[in-house]
Amino acid sequence: MPSIDRARLTMLLDREQAAYTDNHPRSRALFEEAGNLFGRVPMTWMNMWSGGFPLYLDRATGNRVTDVDGHTYVDFALGDTGAMAGHSPAATVAAVQGRAGDLGGITTMLPTADAQWVGAELERRFGMPLWSFTLSATDANRWAIRLARLATGRPKVLVFAYCYHGSVDEAFALPGPDGKAQSRPGNVAPPVDLAVTTRVATWNDLASVEAALAHGDVAAILTEPALTNIGIVLPDEGFLSGLRELATRHGALLMIDETHTFSAGWGGATREWALEPDIFVIGKSIGGGIPCGAYGISREVADAITRHTDAGDADIVDVGGVGGTLAGNALSTAAMRATLGEVLTEPAFSHMTELATTFTAGVQATLDEFEVPWSVSQLGARAEYRFARPAPRSGEESAAAADDVLDAYLHLALCNRGILMTPFHNMALMCPETSRADVDLHTATFREVVGALYA
Ligand code: PMP
């Protein structure tokens, strides 16, 4: 297979960079004026966009984003899953307008009937009977980890190398030379040595999971059903059922984070692949872009928690219940009800998955045509290419295939041709309004920009 000519890559990247700068004077000026923002952006991760400055949003609907320079893009980033329902879906907007406008009461500390409706719908999809709400998936993970510790009386969380679960301190870990968890390079100011809170295993390696669990101090295995934050790394046949079996055998809970893998289907990978989590976490997409998150627990976990609260050695109402004052607020629950009830429906998932399958085939055709040593992986409505072939089977293998220059070239070249891909990823997500023509545009453009590299 031909390898990339790095000089040619640099030349192509410079050309794309110049075009990006020339075509976005207004975005660039706004960025340069933003002297009161740390890093010149509302949140420092927004500097992940390639090109030296981010595009500034003018407006977005469905799968179209328009920037302040008047360019409209086909958006496959979809807010890194936050906008999987499309931008400003009509049903969500109507519910939010109703709650914020005529009804009034955005956040009151009082429940609304929407919350039970959402809890019942989440049970129908994902199977967990009891739910609590947060305002982000990070916060749902943090709370669920606390409850797992309380329920099991154990201190540690088992995660996989190169996982991502939001800014959850326990999860920024890699296996060290002695097998103990150590902080992942780039991690920001861990509060304690990672070995105190975390055990780390390798994805698709059940022996590494068993070795970590054998210490008897793991409260929960925290994982996505497929890694999605280091490319998409799919589980081998039997890996997830093996995790379930090992968790049960070693007295640990299985905590499944479906914030991204919800793309697998209407009931996430949990329903598609008949997973049996003890704790389930989701966020981002279920509120149609309005901040929300949720975690579901089994009755057994609820009973284990209640034993402590009844005994008075833990208080989840006052002392330990005061996180997230705005959690479960009326606006957020109205948005979840409308988004789940009317937008992210079963027919919507069928449409989105069919398009992602076409997208994946289009990418594969270019990889085959130019004999490019990359791979593409699909998980329902999302697909991602990675610079390794065959597709990596672990976080470590996938991390080794990273190529920042190549990433920047692809992101900028696609952006300059009217296509937005997710920063942090080479990920494309379909929403209910994505069309076959949008996917075909990507297929043709991907062929053009990859062809330029290999010509
Ligand atoms: N879990 C997973 C699997 C994620 O990918 C992310 C964010 N990318 C989160 C949790 C955290 O989501 P948020 O940043 O919305 O809290």
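## A walk through the model

Select Val74 to begin: Val74 stands opposite Ile419 in strand β15. Residues are counted from 1 along each chain as its sequence is written. What you see is a predicted model, in which local features need pLDDT of at least 70 and side-chain atom pairs count only at pLDDT 80 or more, while totals for chains, interfaces and linings use all residues.

**Stop 1**

Now colour strand β3 (residues 72–75), which pairs with β15 in the parallel sense over two bridges. Strands pair if DSSP finds at least two bridges between them; strands (E, at least two residues) and helices (H or I, at least four) are DSSP runs, numbered from the N terminus. Show the whole open sheet next: four strands in the order β1-β2-β3-β15, with mixed pairing. At the edges stand β1 (57–61) and β15 (419–420), each with a single partner strand, so one side of each has no neighbour in the sheet.

**Stop 1**

Zoom in on β5 (residues 156–160), which runs parallel to β8 and is joined to β8 by four bridges. Here Leu158 stands opposite Arg199 in β8.

**Stop 1: two crossing helices**

Show helix α1 (residues 6–23) and helix α14 (residues 404–416). How do their axes meet? They come within 9 Å and cross at roughly 40°. Axes are lines fitted to C-alpha atoms, for helices over the stretch in contact, and angles run from 0 to 180 degrees between N-to-C directions. The two helices are therefore oblique to each other, the word for angles that are not under 35 degrees (roughly parallel), over 145 (roughly antiparallel) or 65 to 115 (roughly perpendicular). Among the residues making the contact are Leu9 and Leu12 of α1 and Val405 and Leu406 of α14; contact means C-beta atoms, placed from the backbone, within 7 Å.

Key: Two residues are in contact if their C-beta atoms, placed from the backbone, lie within 7 Å.
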